[in-house]
Amino acid sequence: MVTPIELAGLTLPSPILVASGCGGTGRELAAYGDLAALGGFVTRSITVSARPGGAMPRIVETPSGFINAIGLQNPGLDHFLATELPWLVQQGARVFVSIAGKSLGEYAELARRLGRSPGVAGVEVNLSAPDASGTGVFDVREPFHAASVVSAVQRDLPRGMPAIAKVRSDVGRVVESARTVLEAGAAAVVVGNAFPAALPDGRPGGLSGPAIRPLALRCVAEVHAALPEAQIVGAGGIGTVDDVRSFLDAGATAVQVGTALLHDPTTATRLVAELEDAP
Amino acid sequence: MTTSPYAPVHITGEVLTTRKVGAFRHITLVAPGIPERFRPGNFVALSTGADRLGRRAMWIHRVKPTGGYGATIELVVEPVGPGTRWLASLPTGARVEITGPLGRPFALPKEPVSCVLVGEGYAAAPMFPLAERLRERDCAVTLVVAAVDEAHLLSALEARRSARAVTVVTGDGSIGSRGTVADVLPDVLAKAQAEVVYAAGSSTTLHQVASAAEQAGAWSQTALEQPMACGTGLCQGCAVPVVGEDGVARMVRACVDGPVFRGDRVRWDDLEPRVRVGSA
């Protein structure tokens, strides 16, 4: 492993990033490790207006995983820019702001305002909220929907600020999704989000954790085989150095750690150190 | 890195002793770093094996910063689900991943005022160290311990050592008076001329405590138990509907914005009653 790495035109000190929605505001995670040591911190998805999130229960434990339906709870763009972003930047974190919109117009607005905000390293376009139908975000059913979102975001970002696109780890569609978002201007593709699933009471949710790791790994391998030039960020149930290595070996440039942090908040910083010690 | 003296630590603890008391299992763990950061109302998040990803949140019942075995904490576990049964079955010497102390603790009064402490079932656990801190501040402490029956009542005997007056109430009347917290609290508050009421237990009971406190003109501090996945503020799974100090309704996290909330800030009617933390 050669560090630092180059991802989406940026130089990152480690290939380990914190996945969207699993690092709180960053402050909670900072108690357990230095955010500046991470390859990057991806925020929970930020929307133009504040969202209260979904009904309880929002997270249910399942064998080797969680099913979540947080409903994209977030304080909205204004509050994020005023309080959360400056703090993250102050910590020396490389901040990727995950964004979700109800319409192409909202995605464009998010991109325009984040593009002007000092300290944003890049934008992660959430194209794969597993409970999207319930959350009212722009419905990405077909790859061309995803492409239109990426184009809208890309147009409003300043030159040099990358948009990375987070797609669904659906092995039948993932190559097509990745190709489309990359053609639309995404600098890298994140493979991928939690899997569409259902909570025990039937509400839509997303399955994450070790349960989905082999499935996500397969998707990364498929995208790499079909698009060897594409930069891939692998995500899905990663919790150990061996997991990280298998994703990197399958063709990922970097990885995101999410659910493992809920079980052990030191995971991401520990993986950074372990990878450096025994590359 | 956060440098607050209360910032939580993530450690591997070791079971020192366990003993069965009624329906509960009291577990003492060697947990370096946690006792000196502890304030009453804090909890810890424990891992219960690699296959169960969710942490189990447990009130800290007692701490010893220094002792023959180093820093220890005592937890009260009611074994009712796979995770709590796993914890309750741990033998001496077993290792457990512990994160803590977590959460906003009870706010302590600056003046020596009269305080009523209400603890229901195992959730009475944080009331004993709270009583100690309050007595150190010369506050008059009155305790109400409640449970469905005697087996689920936490240390009535010890309660008598920690407080000036103790009221015991059980659902079946097996010990103390028969009834609920709501039945006895108005009288207790009046008799104690309480200015602050502290409570931990089910959300139904906490709502009743908050209402009774308001009736009596006392402040209330309620320690909520929402189902938590991480306990550390990362996942936003433990949402609590509150009204902020600015008067704006919002959703906050029980684990880092709470678990202790002012009773008049919680939108009780919007709080869906769910499984309690320790019941998983």
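This note walks through a predicted model with chains A and B, point by point.

1. A word on conventions before the details. Local features are reported only at pLDDT of at least 70 and side-chain atom pairs only at pLDDT 80 or more, while totals for chains, interfaces and linings use all residues. Residues are numbered from 1 along each chain as its sequence is written, with chains lettered from A and ligands numbered from 1 in the order in which they are written.

2. Let us start with a helix pair in chain A. Helix α3 (residues 104-115) and helix α5 (residues 143-156) of chain A have axes that come within 8 Å and cross at roughly 30 degrees. That angle makes α3(A) roughly parallel to α5(A). Angles under 35 degrees count as roughly parallel, over 145 as roughly antiparallel, 65 to 115 as roughly perpendicular and the rest as oblique. Axes here are lines fitted to C-alpha atoms, for helices over the stretch in contact, with angles from 0 to 180 degrees between N-to-C directions. Helices are DSSP runs of H or I with at least four residues, strands are runs of E with at least two, and both are numbered from the N terminus.

3. Which residues bring α3(A) and α5(A) together? From α3(A) come Leu104(A), Tyr107(A), Ala108(A), Ala111(A), Arg112(A) and Gly115(A), and they meet Ser148(A), Val149(A), Ala152(A), Val153(A), Arg155(A) and Asp156(A) of α5(A). Contact means C-beta atoms, placed from the backbone, within 7 Å. The residues of this contact divide into seven nonpolar, two polar and three charged. Ala, Val, Leu, Ile, Met, Phe, Trp, Tyr, Cys and Pro count as nonpolar, Asp, Glu, Lys and Arg as charged, and the others, Gly among them, as polar.

4. Between the chains, the contact takes 32 residues from chain A and 27 residues from chain B. The chain B side has twelve nonpolar, nine polar and six charged residues.

5. Chain B is divided into domain 1 (9-102) and domain 2 (114-279), with bounds from an automatic or database domain assignment. Their C-alpha centres lie 21 Å apart, and 24 residues of domain 1 of chain B are in contact with 26 residues of domain 2 of chain B. On the domain 1 side, β4(B) gives the largest share, seven residues. By class, that side has 14 nonpolar, seven polar and three charged residues.

6. Helix α2 (residues 127-136) of chain B has Met127(B), Phe128(B), Pro129(B), Leu130(B), Ala131(B) and Leu134(B) buried. A residue is buried with 20 or more other C-beta atoms within 10 Å of its own, exposed with 12 or fewer, and partly exposed in between. Just after α2(B), Asp138(B) takes a positive phi of about 65 degrees. Asp138(B) sits in the loop between α2 and β8 (140-147) of chain B, and counts as exposed because it has 9 C-beta neighbours inside 10 Å.

7. Some backbone geometry deserves a look too. The peptide bond from Met56(A) to Pro57(A) is cis, with omega near -5 degrees, and Pro57(A) is in the loop between β4 (40-42) and β5 (59-62) of chain A. In chain B, a cis peptide bond joins Gly100(B) and Pro101(B), with omega about -5 degrees; Pro101(B) lies in strand β6 of chain B. Ser64(A), which is not a glycine, has a positive phi of about 55 degrees.

Terms used: Two residues are in contact if their C-beta atoms, placed from the backbone, lie within 7 Å.
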